[in-house]
Structures are given as structure tokens and as C-alpha cells.
Amino acid sequence: PRENPSRHLFGLRIAAAAAQLPTPQLFTDVAYTRSCSFALSTSNNSTPGTSLMEKDVGGFGAPTIHSYGVAYAVQETAISMTISSHATSTGRCAYRFTHEVHRALADVYALLVGWGASAKL
């Protein structure tokens, strides 16, 4: 399926087609087919200098109607994210997912702060 979020495997498939080679056997394997339906597709963009604004991490659309797309960047003092889902999805809501991620990160922060000021993070 073209919606497979793995751009590397997609590139392999395109390269084989461009070279007029048969489709690699990997793409007909049942395990590969099942793995093409991800509920969460993520991309880390923590490289310094990749955006004009420190908190601008870019983003991408959810690869399927039943998934989320999450671009994130871990900075020295913050974690920035762009979370997307398809507007027509009945089972996914980027707004709710963003709220839950924020809540989980706040819980982890509270845990680490409560762990003690002497702990090195």
C-alpha cells in the first residue's frame, strides 16, 4: 500500500520499479502488509538550526484516515510537537490526542521534579 509511513521501504519499492525489477518479495509478505497500518506515525526533528523559530517543528499529515501524524523536536528547555489527524476520521481527534500527550508529559515532569532537586536530568 502506498500509505505505508516508512519512506525508506517506499523508496526501495520505487527504485525497483524505476529499474524495471520485479517487486521485492518483502512487499508481498503478509507481515509487511499488516505492518502498513500504523495508528501513530512520528518524526523527530531535533536538529538545531533546522527551523527559523525554535518551537517550529513543521509537521505532516496523518498517513491514513485511522492514524495520527506527530512531528516533534526535543530542545534544551522544551518539547515541541505538531499533531495531526484526518478531519473526517471518526476514531481519531488530534485535539484530544494533543491534550492527552500534554497531560502525560506534565505527569512525567511532576514525577521527575518530585524525584528530587539533586537528580541530574
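**Terms and values in this model**

Me: Why is Gln-20 called exposed?

Reply: Gln-20 has 73% relative accessibility. Exposed means over 50% relative accessible area, buried means under 20%, and partly exposed lies in between (1.4 Å probe, protein chains only). Gln-20 therefore counts as exposed. The model is predicted, so local features need pLDDT of at least 70 and side-chain atom pairs count only at pLDDT 80 or more, while totals for chains, interfaces and linings use all residues. Residues are numbered from 1 along each chain as its sequence is written, and side-chain values use heavy atoms, with hydrogens and water left out.

Me: What makes the phi of Gln-20 worth a remark?

Reply: Its phi is near 55 degrees, a positive value in a residue other than glycine. Most residues other than glycine have a negative phi.

Me: What are the elements of the protein, and in which order do they run?

Reply: The protein has three helices and three strands. Helices (H or I, at least four residues) and strands (E, at least two) are DSSP runs, numbered from the N terminus. From that end on, the order is α-α-β-β-β-α.

Me: How do you know that the length of helix α1 agrees with its residue count?

Reply: The expected span is 1.5 Å times one less than the number of residues. For the twelve residues of α1 (residues 7–18) that gives 16 Å, and the end C-alpha atoms are 16 Å apart, so the two agree.

Me: Why is the pair Phe-27 and Tyr-32 called edge-to-face?

Reply: Rings of Phe, Tyr and Trp (its six-membered ring) pair if their centres lie within 6.5 Å; planes under 30 degrees apart count as stacked, over 60 as edge-to-face and the rest as tilted. The whole structure holds two aromatic pairs. In Phe-27 and Tyr-32 the centres are 4.9 Å apart and the planes stand at 90 degrees, so this pair is edge-to-face. Phe-27, with a relative accessible area of 5%, is buried, and Tyr-32, with 6%, is buried.

Me: Why is the pair Tyr-68 and Phe-97 called stacked?

Reply: Its ring centres are 4.2 Å apart and its planes lie at 15 degrees, so the pair is stacked. Tyr-68 belongs to strand β2 and Phe-97 to helix α3, so the pair ties together parts that are 29 residues apart in sequence. Tyr-68 counts as buried at 10% relative accessibility, whereas Phe-97, with a relative accessible area of 23%, is partly exposed.

Me: How do you know that β2 and β3 pair, and in which sense?

Reply: Two strands pair if DSSP finds at least two bridges between them. Strands β2 (residues 68–74) and β3 (residues 79–85) have seven bridges and pair in the antiparallel sense. Ala-73 has Ser-80 in β3 as its bridge partner. The two strands form a hairpin with four residues between them.

Me: Why does Asn-45 count as partly exposed?

Reply: Asn-45 is at 26% relative accessibility, so it falls in the partly exposed class. Asn-45 lies in the loop between β1 and β2. Asn-45 and Met-81 are 36 residues apart in sequence and 9.6 Å apart in space, C-alpha to C-alpha.
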